[in-house]
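The following exercises are to be worked through with the sequence and the coordinates at hand. Each task is followed by a stepwise solution.

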Amino acid sequence: MTMRTEPAAAALWDGGWYRFARRHPSPNFGPRPAGAQVDLLVVHSISLPPGVYGGNEVMELFDNRLDWDAHPYFAQIRGLQVSAHFYIRRQGELWQFVDCDQRAWHAGRSHWRGRDECNDDSIGIELEGLEGGPFEPAQYETLASLCTALAHHYPIAYVAGHEHVAPGRKQDPGPGFDWAALQQSTGWPARVFPAQATGIRQD
């Protein structure tokens, strides 16, 4: 399953920036390797502090402005420099931090579809949530629309969770994420998703 840009779909994009996302550029990115084929979407979950929603701490983390002394948990991640391409809040609001033509710092040490270093050729999508916890219908709606738009602009052929590309090291988005709902919303075949994802239709 790969789809290339058509004129109508191209209108959704300004280079690697999605026009329906709120743009909030992060300094935490770099160039993709020469010849990188951007064919993987990696789904994550994040909340700061964990389980607390609605604040600006995630955005502040991604642009290196988080006050490390504002909460005891932040001492565990002090100095961390990370980013994702997209962030979907609980109400479905979509933010973009890194141009999709660039390499965001979201997956870390990782391996999928026979390749290491998934940051090189993937797009990272963070959902506001707690790993293992449930996500909101509005988030699934935004995620499905974003996946479709990305597949019309890049040769997307795979979707995986952070837990799948970095097993044992990461557990997000976790068992609370409804892979079947995402498959149903996108209409994509089972081969796009991890074999370990629960509820995926194999027909």
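A residue is called buried if its relative accessible area is under 20%, exposed if it is over 50%, and partly exposed in between. The model used throughout is predicted.

**Exercise 1.** Determine the overall dimensions of the chain and judge whether its radius of gyration agrees with that of a compact globule.

*Solution.* 
1. For 203 residues, a compact globule would have a radius of gyration near 17 Å; the chain has 16 Å, so the two agree.
2. The C-alpha trace spans about 50 × 35 × 30 Å along its principal axes.
3. The secondary structure consists of five helices and 12 strands.
4. Of the 203 residues, 52% are buried.
5. Contacts between residues at least 6 apart in sequence are considered next: 68% of them join residues at least 24 apart.
6. The accessible surface is about 9300 Å², and carbon and sulfur atoms contribute 50% of it.

**Exercise 2.** Describe the aromatic pairs, including their geometry and the burial of their members.

*Solution.* 
1. The whole structure contains 10 aromatic pairs.
2. One of them joins tyrosine 73 and phenylalanine 74, with 6.5 Å centre to centre and 70° between the planes; this pair is edge-to-face.
3. Phenylalanine 74 has a relative accessible area of 2% and is therefore buried, whereas tyrosine 73, at 25%, counts as partly exposed.
4. In the pair of tyrosine 87 and phenylalanine 97, the ring centres are 6.4 Å apart and the planes meet at 50°, so the arrangement is tilted.
5. This pair links distant parts of the chain: tyrosine 87 belongs to strand 6 (residues 86–88), and phenylalanine 97 to the loop between strand 7 (94–96) and strand 8 (102–104), 10 residues apart.
6. Tyrosine 87 and phenylalanine 97 are both buried.
7. One aromatic cluster is formed by Phe135, Tyr140, Phe177, Trp179 and Phe193.
8. A ring may also face a charge: the charged end of arginine 90 sits over the ring of tyrosine 53, 4.4 Å from its centre.

**Exercise 3.** Is histidine 162 buried or exposed, and which residues does histidine 162 touch?

*Solution.* 
1. Histidine 162 lies in helix 4 (residues 162–165).
2. Its relative accessibility is 5%, so histidine 162 counts as buried.
3. The side chain of histidine 162 reaches the backbone oxygen of alanine 107 at 3.1 Å.
4. Leaving aside residues up to four places away in sequence, histidine 162 touches Val42, Val43, His44, His106, Ala107, Arg169, Lys170, Asp172 and Pro173.

How values were computed
Residues are numbered from 1 along each chain as its sequence is written. This is a predicted model: local features need pLDDT of at least 70, side-chain atom pairs count only at pLDDT 80 or more; totals for chains, interfaces and linings use all residues. Side-chain values use heavy atoms; hydrogens and water are left out. Helices (H or I, at least four residues) and strands (E, at least two) are DSSP runs, numbered from the N terminus. Buried means under 20% relative accessible area, exposed over 50%, partly exposed in between (1.4 Å probe, protein chains only). A polar contact is a pair of N or O atoms within 3.5 Å; within protein, one must be able to donate a hydrogen and the other to accept it, and residues adjacent in sequence count only if both atoms are side-chain atoms. Contact means heavy atoms within 4.5 Å. Rings of Phe, Tyr and Trp (its six-membered ring) pair if their centres lie within 6.5 Å; planes under 30 degrees apart count as stacked, over 60 as edge-to-face and the rest as tilted. A charge sits over a ring if NZ of Lys or CZ of Arg is within 6 Å of the ring centre and within 35 degrees of the ring normal. The radius of gyration is taken over C-alpha atoms; the globule rule is 2.2 Å times the number of residues to the power 0.38. Accessible areas come from the Shrake-Rupley method with a 1.4 Å probe; for residues, only the protein chains shown count as cover.
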